[in-house]
Amino acid sequence: MQSQYAELQASRDKAVADLNDCDKRITALQANLNSKENDLQGRLKQVEDLQAQLDYLKKTNTNLLDRMSELSIISKTGAESIRKSLETLNDQSKYISNLNSTMQRKDSLNLALVMSLKRSLSDVNDEDVQVEVKKGVVYVSLSDRMLFRSGSYEVLSPAEAVLGKIARVVNDHKELDILVEGHTDVVPISTNFLKDNWDLSVMRATSVVRLLQTKFGVSPDRMTAGGRSEYIPKETNATPAGRKINRRTEIIILPKLDQFFNLLAKGQAGN
């Protein structure tokens, strides 16, 4: 009986010891579980932070892509604008270069004409014939006293030789036109054939043109006759010397306008 009691007592003590051991293990497991829970919460917080950063980066990346796209469009537009500006500058440069070349050729031709005319007219009194370049064209100014009697529009015989020399030069340059202008002083005139200085200036110009055509073979389709009356004086009409200079006929040698404008058009087109 006493031995059974002792066995029960031993079994109870063992059970109590096992129970205590289980409590310790449960406590340890609970502590470990709490630690794992805390670690999990920390990891979840890190995941949330990383997700927030990822969302920010995605948003930033999208904005950058949008801006880059806009910049690309702007860049393309700017490049196209620059390209067109450069093309315009190149075209303008070619036009200016061609225009300069055209003007240089014209200036060279004018110089050659002046030299030819002066050589041809070297034996004529300088007071009666003047050759110069004005406004980009060649002017041959012939005095009234050499060409006509006072109030007349009939060309004097000695003047025909001078006109012949001029005709020989212009006939060597058939690419040029000839404008003949008559000029008078302010002294009025009125006859049965001439109403005023307009008539006199025109008739003198047509007389010169007619002689250049019929006697010296200058093609009539190259020539124009015009009268300027008293309204384009070279000197004052208040003195006899000034009026003498103003009474003149000018032969203006100039490029054919259609050819000159064609050259300008070619220059503008960059040809």
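What follows is a working chat about a predicted model of one protein chain.

Q: What does the secondary structure of the protein chain come to?
A: Six helices and five strands. This is a predicted model.

Q: And which pattern does the chain follow along the sequence?
A: It reads α-β-β-α-α-β-α-β-α-β-α.

Q: How much of the chain counts as buried?
A: 29% of the 271 residues.

Q: What about contacts between residues at least 6 apart in sequence, what share joins residues at least 24 apart?
A: 68% of those contacts in the protein chain.

Q: OK, strands. How do β1 and β2 pair?
A: They are antiparallel, with six bridges. Val-133 sits opposite Val-138 of β2.

Q: What's in the hairpin of β1 and β2?
A: Two residues lie between the strands. In that hairpin, Lys-135 has a positive phi near 55°.

Q: How does β2 pair with β5?
A: Antiparallel again, over six bridges. Ser-141 has Glu-250 in β5 as its bridge partner.

Q: And how many bridges join β3 to β5?
A: Eight, and the two strands run antiparallel. β3 covers residues 176–183. Asp-177 is bridged to Leu-254 in β5.

Q: Is β5 enclosed or open? Why?
A: β5, residues 248–255, is largely enclosed by the rest of the structure, because six of its eight residues are buried.

Q: Which elements give two or more residues to its lining?
A: β2 (137–143), α2 (144–147) and α5 (240–246) do.

Q: How many residues line the largest pocket, and which lie nearest its centre?
A: There are 14 lining residues. Nearest the centre are Glu-127, Asp-128, Ser-143, Lys-244 and Ile-245.

Q: Where is Asp-128 placed?
A: In the loop between α1 (2–120) and β1 (129–134).

Q: Is Asp-128 buried or exposed?
A: Buried, because its relative accessibility is 12%, and the cut-off for buried is under 20%.

Q: What does Asp-128 touch, not counting residues up to four places away in sequence?
A: Ser-141, Leu-142, Ser-143, Arg-145 and Met-146. Ser-143 is also among the residues nearest the centre of the largest pocket.

Q: Next, Arg-222. Where does Arg-222 lie?
A: In another loop, between α4 (197–214) and β4 (223–227).

Q: Buried or exposed, for Arg-222?
A: Arg-222 counts as buried, because its relative accessibility is 5%.

Q: What is Arg-222 in contact with, leaving aside neighbours within four places in sequence?
A: Val-170, Asn-171, His-173, Lys-174, Leu-176, Asp-177, Ile-178 and Lys-256.

Q: How are Arg-222 and Leu-176 separated?
A: Their C-alpha atoms are 7.3 Å apart. Along the chain they are 46 residues apart.

Q: Now helices. How far does α3 reach?
A: α3 runs over residues 157–171. Its 15 residues reach 21 Å from first C-alpha to last. That is close to the expected 21 Å at 1.5 Å a residue.

Q: Is α3 mostly covered or mostly open?
A: Mostly covered, with 11 of its 15 residues buried. Among them are Ala-159, Glu-160, Val-162, Leu-163 and Gly-164.

Q: What is Glu-160 in contact with, neighbours within four places in sequence left aside?
A: Val-155, Leu-211, Lys-215 and Phe-216.

Q: Which residues of α4 are buried?
A: Leu-211 is one of them. The list also includes Asn-197, Leu-200, Ser-201, Arg-204, Ala-205 and Leu-212.

Q: What covers the buried residues of α4?
A: The cover includes α2, α3, β3, β4 and β5.

Q: Last one. What should the 18 residues of α4 span?
A: 26 Å, at 1.5 Å a residue. The end C-alpha atoms of α4 are 26 Å apart, so the two agree.

Terms used. Residues are numbered from 1 along each chain as its sequence is written. This is a predicted model: local features need pLDDT of at least 70, side-chain atom pairs count only at pLDDT 80 or more; totals for chains, interfaces and linings use all residues. Side-chain values use heavy atoms; hydrogens and water are left out. Helices (H or I, at least four residues) and strands (E, at least two) are DSSP runs, numbered from the N terminus. Buried means under 20% relative accessible area, exposed over 50%, partly exposed in between (1.4 Å probe, protein chains only). Contact means heavy atoms within 4.5 Å. On a 1 Å grid over the protein atoms alone, a cavity is a set of points where a 1.4 Å probe fits but cannot get out, and a pocket is an open set with protein on both sides within 12 Å along at least five of seven lines; lining residues have an atom within 4 Å of a point. Two strands pair if DSSP finds at least two bridges between them. The expected span of a helix is 1.5 Å times one less than its number of residues.
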